[in-house]
Amino acid sequence: MTEIQRESRLRSVLKALSWRVVATTTIIAIAFFTTGDIEMALEIGFIEFFIKFALYYLHERAWQLAPRGTIRKLAGKKQVETLQK
């Protein structure tokens, strides 16, 4: 029987960090093209980076609490119930 691997906290942090770099660069570019003000764009990016970093990390950790296959089982039950009606 195969053992289900869970992601470590470090992996969750690294995933959040790498995604935030990509996403924050995007939001800074959008803010700059919208406002024409690089200082404002950087300020928006700075604030956005830390708030969304924390939210992404918490989201990743919450998913680790759900046993693998739970969502698939729930979706399967709903399909069966729908077919039985």
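This is a predicted model: local features need pLDDT of at least 70, side-chain atom pairs count only at pLDDT 80 or more; totals for chains, interfaces and linings use all residues.
User: Happy to dig in! How many helices and strands does the protein chain have?

Analyst: Glad you asked! The protein chain has 3 helices and 0 strands, and its elements run α-α-α from the N terminus on.

User: Why is T24 called buried?

Analyst: Buried means under 20% relative accessible area. T24 has 7% relative accessibility, so T24 counts as buried. T24 lies in helix α1, which covers residues 9-35.

User: Which residues does T24 touch, not counting residues up to four places away in sequence?

Analyst: With those neighbors set aside, T24 touches G45, E48 and F49. Contact here means heavy atoms within 4.5 Å.

User: And what makes I51 partly exposed?

Analyst: Buried stops under 20% and exposed begins over 50%, with partly exposed in between. I51 has 49% relative accessibility, so I51 counts as partly exposed. I51 lies in helix α2, residues 38-65.

User: Nice. What about the accessible surface of the protein chain?

Analyst: The accessible surface comes to about 7200 Å², and 67% of that belongs to carbon and sulfur atoms. Buried residues make up 18% of the 85 residues in the protein chain.

Definitions and conventions. Residues are numbered from 1 along each chain as its sequence is written. Side-chain values use heavy atoms; hydrogens and water are left out. Helices (H or I, at least four residues) and strands (E, at least two) are DSSP runs, numbered from the N terminus. Buried means under 20% relative accessible area, exposed over 50%, partly exposed in between (1.4 Å probe, protein chains only). Accessible areas come from the Shrake-Rupley method with a 1.4 Å probe; for residues, only the protein chains shown count as cover.
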